[in-house]
Amino acid sequence: MEKPTILGGLKSKTKPFPTWPQWDKSDEKVLLEVLHSGKWSRRDVNNVASHGAKSYINMLEEESKTRFNSKYSLTVSSGTAALDIAVKAIGISSGDEVIVPAYSFIATATCVLHAGGIPVFADIDEDTWNIDVSKLDKHVSPKTKAIIAVHFAGQPADMSDLMSYARKKGLIVIEDAAQAIGAKWQDTNVGSIGDIGCFSLEMTKNLTCGEGGIIVTNNEDFYKKMYSLHLTGRSFSGSWYEHEELGWNYRITEFQAALAYNQMKNLDNQISIREKNAAKLNDLLSSLTGIRLTSLDPRVTTHAYHLFTFRFIPEEWTRFSRKRFILALNAEGIPCYEGYSYPIYKNPLFLSLGYEKYSLICNNAEKITKQSLWLPQNVLLGDEQDIEEIFKAIEKIRYHFNIK
Ligand SMILES: *Cc1c(COP(=O)(O)O)cnc(C)c1O
């Protein structure tokens, strides 16, 4: 077995991975089209001059409705904004509890705080890293109003059990599909399974225009409320300077919408490349000890693979840590991160609010945070050689540091 790079061997990676984001001439064309049109925002709403130009914001919303099979779609300035609006639109207010998975990006929980509600953290499943629906009972109280499901890394959460549980308890479900645009649970698009679905178009996400977000819903009341909230609380059908509730300016610009709209045509192809490469990588890595692969729920029809996740199992190594594993892998030319520093509730923000106690409840979130390894999605956009080189790097590290 060749030596790892950190012991003086050659790098496993012999050519660069595809970069992210990716663009071509057609992206330049739509951006310049918006520039020259003079219509740079949604300012034409309610009869304000639109310069007669077409609206990529409207086109992106129409495309999202068709693609995600939803009655309504609203574009916003970020995935965080999408969640803020969604939680507010379902009526969360002071003292209402919303159940969120402990292992996610912080916005999954801060949206509840912004509305005045109380996030209640639920543990995740050790194998899929998604919310463990079987443990929800212990978190539901008379104050519970909703559940936010995260499709972590692009793998849909168990939406069948989650929806039947929520319906039984009369709870609203918001899908935080920031990492999972294009993913499908039993042939249905994530985002359109719960009451409201939120996507992120931030630069690392699988569909991006730098910053942005898309919300989808089949509920007309929620849609109207969200439309108003993202437009500084303007009345849905009133005039530009008529505000009926406490809102934000969470609008996306025409530049962002044009880029996202144009990039959307690449989504399906990119998803299938990532899925094919992830299957190969899973297959190769399954022969190794010292690491544990993330399981794929057989009811997942499409995994968006925003990340390729696996775990470092400390008990299977001697005098070798996750930190050193990552350094060794990075030295081979493979980008790899440990991911979130804490389960959400252990961030200083939540500790200051008295959330420490969840470390006793969320055992899997605690464990995953200590063992997680993330590969970014662009490494899955390459060819077979890219995948073989990732495997070779990990195999070398395992072989040379499996000291007993
Ligand atoms: C990225 C992300 C968000 C927030 O999206 P932004 O567009 O960055 O504001 C929310 N939830 C999850 C799970 C995310 O990964």
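This is a predicted model: local features need pLDDT of at least 70, side-chain atom pairs count only at pLDDT 80 or more; totals for chains, interfaces and linings use all residues.
1. A quick definition before we start: a polar contact here is a pair of N or O atoms within 3.5 Å.

2. Start with D176. One of the polar atoms in the D176 side chain sits 2.8 Å from a nitrogen atom of the ligand, so the pair falls within the 3.5 Å cut-off. For G79, a polar backbone atom is 2.8 Å from a ligand oxygen. For K205, an N or O atom of the side chain is 3.0 Å from a ligand oxygen. As for how covered the ligand is, it exposes 380 Å² when taken alone, and the protein buries 92% of that.

3. Which residues come nearest to the ligand? There are 15 residues around it, and the nearest are G79, T80, D176, S200 and K205. The three residues from the previous point, G79, D176 and K205, are on that list.

4. Now for a sheet elsewhere in the chain. Three strands make up an open sheet, in the order β10-β12-β13, with antiparallel pairing. At its edges are β10 (291–293) and β13 (372–376), each of which pairs on one side only. Leaving direction aside, neighbouring strands in this sheet are turned by 35° against each other on average.

5. Strand β12, residues 307–312, joins β13 over 5 bridges in the antiparallel sense. If you want a spot to check by eye, find R311: it stands opposite S372 in β13.

6. Is L284 buried or partly exposed? Its relative accessibility is 22%, so L284 counts as partly exposed; the cut-off for buried is under 20%. Leaving out residues up to four places away in sequence, L284 touches I387, E388 and F391. Take F391: it is 107 residues from L284 in sequence, yet the two C-alpha atoms are 6.6 Å apart in space.

How values were computed:
Residues are numbered from 1 along each chain as its sequence is written. Side-chain values use heavy atoms; hydrogens and water are left out. Two strands pair if DSSP finds at least two bridges between them. Helices (H or I, at least four residues) and strands (E, at least two) are DSSP runs, numbered from the N terminus. Axes are lines fitted to C-alpha atoms, for helices over the stretch in contact, and angles run from 0 to 180 degrees between N-to-C directions. A residue is near a molecule or strand if one of its heavy atoms lies within 4 Å of it. A polar contact is a pair of N or O atoms within 3.5 Å; within protein, one must be able to donate a hydrogen and the other to accept it, and residues adjacent in sequence count only if both atoms are side-chain atoms. Accessible areas come from the Shrake-Rupley method with a 1.4 Å probe; for residues, only the protein chains shown count as cover. Buried means under 20% relative accessible area, exposed over 50%, partly exposed in between (1.4 Å probe, protein chains only). Contact means heavy atoms within 4.5 Å.
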